[in-house]
Amino acid sequence: MTTYKAPLREYRFVLSELFDVGSLAQLPGYTEATPDTIEAILEEAGKLCEEVLFPLNRSGDEEGCHYENGVVRTPAGFKEAYRAFREGGWTSLACDPEWGGQGLPHTLAFFVEEMVCSTNMSFGMYPGLSHGAYRALSMHGTEAQKKTYLPKLADGTWSGTMCLTEPHCGTDLGQIRTKAIPAGDGKYRITGTKIFISAGEHDLTDNIVHLVLARLPDAPEGTRGISLFVVPKFLPGPDGGIGARNGVRCGSIEHKMGIKASATCVMNFDEAEGELVGAPHKGMRAMFTMMNAARLGVGVQGLGLAETAYQGARAYAAERLQGRALKGPAYPEKPADPIIVHPDVRRMLLTMKATIEAARALAAWTAIELDVSEKHPDPERRQEAEDLVALLTPIVKAWFTDVGFAAANLGVQIMGGHGYIREHGMEQLVRDARITQLYEGTNGIQALDLVGRKLPMHMGRLLRRFFHPVSGFIEEQAADQTMAEFVLPLAKAFGKLQQATAHIAQAGLKDPDEAGAAAADYLKMFALTASAYMWAKTAKIALAKSEAGEDAGFYRAKLATARFFMARLLPETSSLLTVIASGAKPVMALEAEAF
Amino acid sequence: MTIRKAAVIGAGVMGSGIAAQIANAGVPVVLLDIVAKDNPNRSAIAEGAVARMLKADPAPFMHPSAAKLVTTGNLEDDLGLLGECDWIVEAVLEDLDVKRSLYERLESVRKADAIVSSNTSTIPLKLLTEGRTDAFRKHFVITHFFNPPRYMRLLEIVPGEAEPEKVAALSDFADRRLGKGVVVTKDTPGFIANRIGGYWIAAGLAHAIDLALDIEDADAAMGRPFGFPKTGIFGLLDLVGIDLMPHVGRSMRATLPKNDAYQKLGGTPPLVEKMIAEGYTGRKGKGGFYRLDRSGGKREKQAIDLVTGEYRPVREARLGDAKTAGAILQRQDKIGEYARRVMLSTLGYAASLVPEIADDVVAVDEAMRLGYNWKKGPFQLIDEIGPDAFAAALEKQGMAVPKLVESARGRSFYRVADGRLEHLTTSGAYAEVKRPDGVLLLEDVKRRSKPLAKNGSASLWDIGDGVACLEFHSKMNALDTESMALIQKAIDIVKKGMKALVVYNEGSNFSVGANIGLALYAANIAAWPMIEEMVASGQKIYKALKYAPFPVVAAPSGMALGGGCEILLHSDAVQAHAESYIGLVETGVGLVPGWGGCKEMIMRWMANKKRPGGPMPAISQTFETIAMAKVAKSAMEAKDLLFLRAEDGITMNRDRLLADAKAKALALAADYTPPQPATVSLPGPTARAALGLAVGELQRQGKATQYDGTVAGALAEVLSGGDTDIVDELTEDQLLALERRAFMTLLRNSKTLARMEHMLETGKPLRN
């Protein structure tokens with residue numbers, strides 16, 4: 001009973017009203033990407049997602065993937081859907097025209113991705129992983145490697161994977177054991193076992209291109225001794241097609257809580273032939289370019305799931321007739337009132353709506369800056385944009401996926417018992433959302449990345465890219481009385497975030513546990529403050545347009561949601577500051593044996 | 001006897017450097033060399049040496065005026081000048097015959113009670129004085145200086161047969177006037193520092209070749225973990241000149257007993273012979289173990305491969321977390337093996353040489369600290385490792401445990417008893433570590449007392465006679481909110497019953513100024529009110545220091561920059577170590593001095609009686625000094641720039657600085673009244689416009705960037721008095737408000753933030 005409509009009006013708002021996506025068309029290489037074109041493509045993508053991917057979401061979940069003798073079959077309908085997806089050119093949106101891509105901005109791909117994840121996250125895994133592999137090879141591969149792999153990854157006839165995790169190590173990649181032995185002809189023989197490999201084996205593409213972290217024989221210990229290799233399932237043939245089968249096989253697939261239509265594989269490499277990507281022992285760096293993009297992608301998954309949960313819960317709350325409003329019947333003509341009359345149901349719906357829309361605004365900001373960081377002609381401007389993206393990446397990943405899981409849970413809550421049974425599809429969203437908080441670095445790792453790496457980097461320079469615009473906005477708006485109800489709470493939360501940031505910087509210098517203990521709460525505080533900034537900026541626009549015009553209702557809804565956010569969600573920053581200020585002691589005092 | 005005039009014979013690098021340092025002490029000095037060949041000017045060699053020194057960087061002279069105290073001449077025409085000298089230093093070729101024939105000539109020209117000394121580093125004293133008269137021998141010692149003589153603090157003295165009072169007089173002169181740490185040593189090859197240091201270098205080279213180590217790893221291992229300079233061994237050889245090695249090696253092997261451990265290290269390695277033959281003698285030649293490859297338009301730092309002898313790009317050392325001596329000696333890899341071989345043998349060697357080369361371990365440690373810039377001497381290092389662990393490590397490595405180390409088992413070479421530092425003597429008993437007469441070290445005060453106040457960045461100590469000492473001890477002595485809080489606290493404490501305050505510490509630098517990392521971080525998170533508060537409270541505290549009801553004497557050594565310099569400017573008097581490097585360098589990071597530095601400097605220049613008439617020359621001088629971030633390269637130079645006043649004192653010996661500052665503080669305390677609040681009249685906009693024109697000209701000439709102009713503009717606004725008029729009187733608070741405003745405006749500029757970040761990350765200013 002879940003429903004889904006692509007939120008096209010929301011896209012137009014964040015891209016063209018809140019931010020200026022039109023500015024991207026000024027950048028070299030993006031001249032085609034006018035707001036009109038972007039809007040038209042989003043609309044097309046919306047149709048595909050609504051009509052092709054969404055209908056397969058629950059059936060794929062019910063059926064799951066099949067494993068037999070090293071062969072993996074995706075659920076019924078996935079092959080056809082992938083063909084339609086590929087033929088529609090959706091695999092090559094943001095790829096370089098040199099390799100057959102369409103050269104469109106990441107910003108566009110971001111929101112196409114959101115719709116794909118809203119409608120069928122499992123399906124989205126397959127092209128999503130290919131995109132990561134494309135990025136790693138395009139940034140670190142040799143010309144020959146690019147020529148061999150990029151056109152195939154772009155047009156979707158081949159797909160990709162990221163092979164990092166091993167049975168004994170996930171977060172701590174320094175412990176990797178997979179070996180790469182030089183074969184003498186410039187190639188390497190890769191041997192080892194990788195687990196949790198999404199899209200490691202499946203029947204959607206002709207070939208699968210694995211990007212594998214492994215150790216060379218002379219490698220130093222730890223992460224400084226890891227190299228990246230490209231290891232295809234079938235060795236590339238001379239004609240650009242496929243040649244001999246390589247020594248990499250799927251040993252089994254995992255039985256998981258969610259994303260059941262996505263094949264999560266154990267991959268065995270047995271003297272598989274591979275090529276080095278980038279410099280020896282510099283694999284972590286190459287992997288991180290892939291990982292950073294992947295982290296943003298996971299954040300978008302969280303946003304996509306949240307949107308679907310919200311749409312389903314909204315429809316249910318409007319239709320489900322049960323009891324009467326507390327103040328007396330709201331719809332006397334009906335046998336009962338729809339449950340949306342209840343403050344507590346509205347609280348839950350508004351919590352979803354307010355967090356989702358702020359997250360989407362942050363996604364737009366991040367995506368546009370990501371494009372600027374790659375294409376802007378001024379190196380200083382590129383650096384600024386890169387700083388902001390680096391700062392926001394852990395927040396996008398962790399906060400958006402927390403929002404996704406919370407929204408799915410609220411969706412179940414609103415639907416009561418009907419949310420808990422499989423039939424209506426809401427419980428699937430809870431199960432699917434859970435993984436997003438875990439993979440590509442758990443949300444705890446994201447928080448550590450934020451406080452341990454991003455905060456101190458260049459003496460806080462990354463922070464400047466967020467704190468200065470917000471501080472400037474607050475100063476600018478001080479004179480506007482109508483903005484006071486939004487700017488004052490923002491300023492208050494911002495002041496607390498400044499305090500928390502200074503506190504962590506100082507306490508963390510003396511004792512890293514202090515930063516570690518504050519990390520998750522700090523990330524949440526940052527996300528809430530950033531959301532408040534998005535809402536205050538939204539309110540500035542909405543105030544001017546809410547009085548008249550055919551869209552006035554849209555803007556009035558924005559203002560009401562902004563007020564809800566400021567009144568009901570933002571105050572949590574106060575308690576978070578109190579918690580952060582309590583330091584590491586309350587969490588570190590208990591001895592390990594006493595647990 | 002007093003040394004009123006001295007002479008140096010031999011105007012090479014060492015001789016001329018020694019002469020310069022004697023001149024730096026304000027003592028006239030004659031500098032002679034042989035007659036220049038094919039040159040109408042027969043004294044061209046000595047004259048050329050002085051001229052070269054006036055251009056050299058780092059400068060041998062502390063002030064150009066010191067060069068005027070050097071009288072140059074040649075050994076044939078000017079030998080008569082020596083008759084007036086109380087001390088004659090010989091620094092000629094390391095050739096016994098040359099030296100002997102010179103001494104013979106000195107017999108007749110020297111004053112009867114003049115001391116003659118040789119700066120030899122390789123020839124035994126008993127050979128030098130062979131055939132000399134009794135009177136000569138009773139006036140002859142070896143004074144072994146280290147290169148460069150102005151900056152290296154060690155002076156080894158071999159007394160030989162000289163009369164004790166002569167030796168004492170010379171030691172006292174070297175200590176108080178030349179600022180040297182005098183270590184008395186025996187007449188043994190290499191004396192102390194080069195005996196041990198030479199062994200260390202030769203062992204470090206031999207074992208690195210033997211283990212086929214990358215020199216980056218070797219240098220990292222022989223650097224910070226042991227508290228040695230980061231040049232390690234190969235970097236050090238590049239610095240001092242690789243061609244010196246074979247000479248030193250030959251001389252050591254020839255003079256040391258056959259069973260000396262040095263002999264086992266072998267001769268000059270073939271790689272080194274080849275490098276010297278090809279002109280790779282170090283930084284003075286085509287490069288050394290490291291070189292800068294400029295071929296093909298690139299600038300690439302390269303390192304030599306000890307196995308192939310080929311150059312390859314420098315890479316990062318693989319030292320990892322081994323940051324201490326203990327950690328690196330434990331490592332189970334080639335680097336650990338290297339550290340064990342080199343350091344266990346070097347420290348063991350040092351321990352086997354007492355009392356052969358020096359009476360006690362204190363002299364050995366002092367010599368290595370002052371002569372090789374080791375943070376700890378060999379016996380302090382053995383204490384750090386632990387004498388038992390050290391002995392066990394020697395045994396494990398199959399090396400003999402020296403007797404002295406045996407006697408230290410179960411205890412240590414140094415201990416603190418009753419708040420006093422004691423050392424283990426060769427008799428096996430402990431004796432107090434004696435400081436020279438009149439030396440007062442904060443280190444010793446701290447050992448025997450508890451601070452009057454203390455926090456993470458600073459402490460306050462009672463140094464006796466009612467004088468308190470404020471010590472900074474943060475990283476680089478950068479000033480942060482805690483340092484500021486302790487200054488305030490010091491004022492409160494001294495006010496209640498003490499006589500005076502000395503601001504002094506024994507770090508490498510007095511203070512590098514405000515902690516700009518903190519300010520940058522705060523600026524990055526847009527915490528503007530917090531930063532403004534930091535600036536305002538700093539101004540308030542410095543002003544309180546100036547008007548405190550007791551005298552404040554600042555005693556800097558090393559760098560006193562920015563906020564550190566502003567402390568000197570707010571003190572009643574300064575007693576500076578001669579090697580003080582003072583300046584207001586804020587414009588380098590795109591700021592203006594904000595803790596009263598602009599205010600104090602403009603008031604000083606306006607009140608300067610020597611300046612030409614009218615306010616403009618004073619404003620221009622102040623502006624130029626601050627805008628160009630001028631740093632005085634010595635205390636003497638600081639007087640020219642008015643960072644120090646004419647009446648401020650200069651102490652040559654670092655170890656005597658605190659005692660001198662304390663004496664100065666007590667003298668001022670005798671009948672002290674705080675300064676009267678001052679006002680100043682400045683011309684305002686007209687002066688600002690004039691300064692703007694000057695900056696515009698510099699920009700047109702490409703000597704200043706666009707943003708330099710913005711920073712200079714903000715500075716001009718402060719120094720011209722803002723919107724004032726020459727008939728108005730400006731108070732200090734008004735000037736401080738101008739400083740604050742300029743500071744905050746600049747801090748909001750992203751170009752200033754980029755400059756701060758660059759300075760913190762690279763240690764160099766960014767010209768954006």
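Trainee: How many bridges join S1(B) to S4(B), and do they run parallel or antiparallel?
Mentor: Four bridges join them, and the two strands run parallel. This is a predicted model, by the way. If you want a landmark in that pair, B:Ala7 sits opposite B:Ile88 in S4(B).

Trainee: And what does S1(B) do with S2(B)?
Mentor: S1 (residues 6–9) and S2 (residues 29–33) of chain B also pair in the parallel sense, over four bridges. There, B:Ala6 faces B:Val29 of S2(B).

Trainee: What about S4(B) and S5(B), in which sense do they pair?
Mentor: Parallel, with four bridges between S4(B) and strand S5 (residues 115–118) of chain B. B:Val89 has B:Ser117 in S5(B) opposite it.

Trainee: Which residues of S4(B) cover each side, and are they buried or exposed?
Mentor: In strand S4 (residues 87–90) of chain B, B:Trp87 and B:Val89 are on one side, and B:Ile88 and B:Glu90 are on the other. All four are buried, so both faces of the strand are covered. Side chains in a regular strand alternate between the two faces of the sheet.

Trainee: How many strands are in that sheet, and in what order?
Mentor: Eight, in the order S3-S2-S1-S4-S5-S6-S7-S8 of chain B, forming an open sheet with mixed pairing. Its edge strands are S3 (70–74) and S8 (181–184) of chain B, each pairing on one side only. From one strand to the next the twist averages 25°.

Trainee: Now the hairpin of S12(B) and S13(B). How many residues lie between the strands?
Mentor: Two, and B:Asp418 takes a positive phi near 50° in that hairpin. Strands S12 (residues 414–417) and S13 (residues 420–424) of chain B pair antiparallel over four bridges. B:Arg415 is opposite B:Glu422 in S13(B).

Trainee: Why does B:Glu432 count as exposed?
Mentor: Because B:Glu432 has 11 other C-beta atoms within 10 Å, and 12 or fewer counts as exposed.

Trainee: How is chain B divided into domains?
Mentor: Into domain 1 (6–184), domain 2 (193–415), domain 3 (442–584 + 630–659) and domain 4 (589–628 + 676–768). The C-alpha centres of domain 1 and domain 3 of chain B are 38 Å apart. Their contact takes 10 residues from domain 1 and nine residues from domain 3 of chain B. Helix H6 (residues 164–177) of chain B gives the largest share of the domain 1 side, three residues. By class, that side has four nonpolar, three polar and three charged residues.

Trainee: And between the chains, how many residues does the contact take from each?
Mentor: The contact takes 13 residues from chain A and 12 residues from chain B. On the chain A side, H13(A) gives the most, with six residues. That side divides into five nonpolar, six polar and two charged residues.

Trainee: Last one: how many residues has the largest nonpolar core?
Mentor: It has 446 residues, and those with the most contacts inside it include A:Phe229, B:Ala7 and B:Leu715. Helix H15 (residues 512–545) of chain A provides the largest share, 19 residues. Beyond its neighbours within four places in sequence, B:Leu715 has contacts that include B:Thr587, B:Phe623 and B:Ala742.

Notes: Residues are numbered from 1 along each chain as its sequence is written. Chains are lettered from A and ligands numbered from 1 in the order in which they are written. This is a predicted model: local features need pLDDT of at least 70, side-chain atom pairs count only at pLDDT 80 or more; totals for chains, interfaces and linings use all residues. Domain bounds come from an automatic or database domain assignment. Two residues are in contact if their C-beta atoms, placed from the backbone, lie within 7 Å. Ala, Val, Leu, Ile, Met, Phe, Trp, Tyr, Cys and Pro count as nonpolar, Asp, Glu, Lys and Arg as charged, and the others, Gly among them, as polar. Two strands pair if DSSP finds at least two bridges between them. A residue is buried if 20 or more other C-beta atoms lie within 10 Å of its own, exposed if 12 or fewer, and partly exposed in between; C-beta atoms are placed from the backbone. A nonpolar core is a set of buried Ala, Val, Leu, Ile, Met, Phe, Trp, Tyr and Cys residues joined through C-beta atoms within 7 Å. Axes are lines fitted to C-alpha atoms, for helices over the stretch in contact, and angles run from 0 to 180 degrees between N-to-C directions.
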